[in-house]
Amino acid sequence: MIRLADLTWPEVARLARDRRSVVLLPLGAVEQHGPHLPLSVDWLGAEELARRVAPHLRRGGWRPVLAPSLPYGASTLAATWSGTVSLSVSTTTRLIVEVVRGLAAHGFRRFVLTNYQADPDHLRAIAAARRRLRRDGRIQVLVAGFAPADGRPGVMTDPRVRALMRSPRPEREWHSGELETAMMLSVAPALVRRVLARRLPPVWTDWAAALARGVRRFERMQPGGRGYFGWPAAARAQTGRRVMALRGRLIAAALLEDLARGPGRAVRRRRR
């Protein structure tokens, strides 16, 4: 995959003129992920989504271009935990908008925000950024990964994804549980505190109900908890590889449909 930051300005100018170019902009976060995973999970996950989607786009006739990741985002749920850096919704929105507009000013017309951060405020920021960017009918901005809810089932929690899990309660798996631990074991195994992860007991918190009630802090969802939800000990690197490959294929199929429609004509569907 072409890495934007590795190019010279004349190379970028030529790439921007190519109407097959699609800029993949990973959106992550720097936030706590339990006692066994690093702060960079969402950042690395967003980049991995981009890498998984890119080959499918290339086979579909597009030229994926990986832009430098935006590692900071709105992390309200984890804001009080050590190491978390949480931007406001307005700042996150503005950051996305200005990066996309900056690249669009040089000629790029198609963008995919690959997002691995599921905090509700972060998703609000993405939705606001897309609304602002849609005012310019010349560019197309799509979202891959966790995205603002639109009433449709999401790819990230698709039944086919859950079928690959070892957890006995996949509906209660979430932040820093089996899937995120498995993803990290496949992408950056040296960063996983494996001995600790194997010793962590499962935590079956009804996080979805808590979010529906308006709870916006991890410590209120699970008082006295250690910042994870699910069963990290069930995670395997093979699961992480299989899940991310499946997500990439499912997400790319939807992206290819929208990219074919072009700016201003994509259906309002999210790839989550």
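**Reading a sheet and its helices**

Me: How many bridges join β1 to strand β3 (residues 63-66)?

Reply: Two bridges join them, and the strands run parallel. Look for Ile2, which stands opposite Val65 in β3. The general idea is this: strands of a sheet pair through backbone hydrogen bonds, either parallel or antiparallel. Keep in mind that this is a predicted model.

Me: What is the order of the strands in the sheet?

Reply: The order is β1-β3-β2-β4-β5. These five strands form an open sheet, and the pairing is parallel.

Me: Which strands stand at the edges?

Reply: β1 (2-3) and β5 (140-145) do. Each has a single partner strand, so one side of each is left without a neighbour in the sheet.

Me: Which partners does Leu24 have in β3 and β4?

Reply: Take β3 to begin with. Four bridges join β2 to β3, running parallel. There, the bridge partner of Leu24 is Leu66. Now turn to β4. Strand β2 (residues 21-27) pairs with strand β4 (residues 110-115) over five bridges, also in the parallel sense. In β4, Leu24 stands opposite Val112.

Me: Which strands does helix α4 touch?

Reply: Helix α4 (residues 120-134) packs on the sheet and touches β2, β4 and β5. The direction of α4 makes about 160° with that of β5.

Me: Which helix forms a β-α-β unit with β2 and β3?

Reply: Helix α2 (residues 41-59) does. The unit is right-handed.

Me: At what angle do α6 and α10 pack?

Reply: Compare the directions of the two helices. Helix α6 (residues 178-187) and helix α10 (residues 237-261) pack at about 100°, with their axes 7 Å apart. Angles of 65 to 115 degrees count as roughly perpendicular, which means α6 is roughly perpendicular to α10. Among the residues making the contact are Leu179 and Met183 of α6, and Val243 and Met244 of α10. The residues of this contact divide into seven nonpolar, three polar and three charged.

Me: Where is the pLDDT below 50?

Reply: Start with the whole protein. The average pLDDT is 94, and 95% of the residues score at least 70. Over residues 266-272, the pLDDT is below 50. In the model, this stretch has 39 contacts beyond near neighbours in sequence.

Technical notes: Residues are numbered from 1 along each chain as its sequence is written. This is a predicted model: local features need pLDDT of at least 70, side-chain atom pairs count only at pLDDT 80 or more; totals for chains, interfaces and linings use all residues. Side-chain values use heavy atoms; hydrogens and water are left out. Axes are lines fitted to C-alpha atoms, for helices over the stretch in contact, and angles run from 0 to 180 degrees between N-to-C directions. Angles under 35 degrees count as roughly parallel, over 145 as roughly antiparallel, 65 to 115 as roughly perpendicular and the rest as oblique. Contact means heavy atoms within 4.5 Å. Ala, Val, Leu, Ile, Met, Phe, Trp, Tyr, Cys and Pro count as nonpolar, Asp, Glu, Lys and Arg as charged, and the others, Gly among them, as polar. Two strands pair if DSSP finds at least two bridges between them. pLDDT is the predictor's confidence in each residue, from 0 to 100. A crossover is right-handed if, with the strands pointing away from the viewer, the path from the first strand over the helix to the second runs clockwise.
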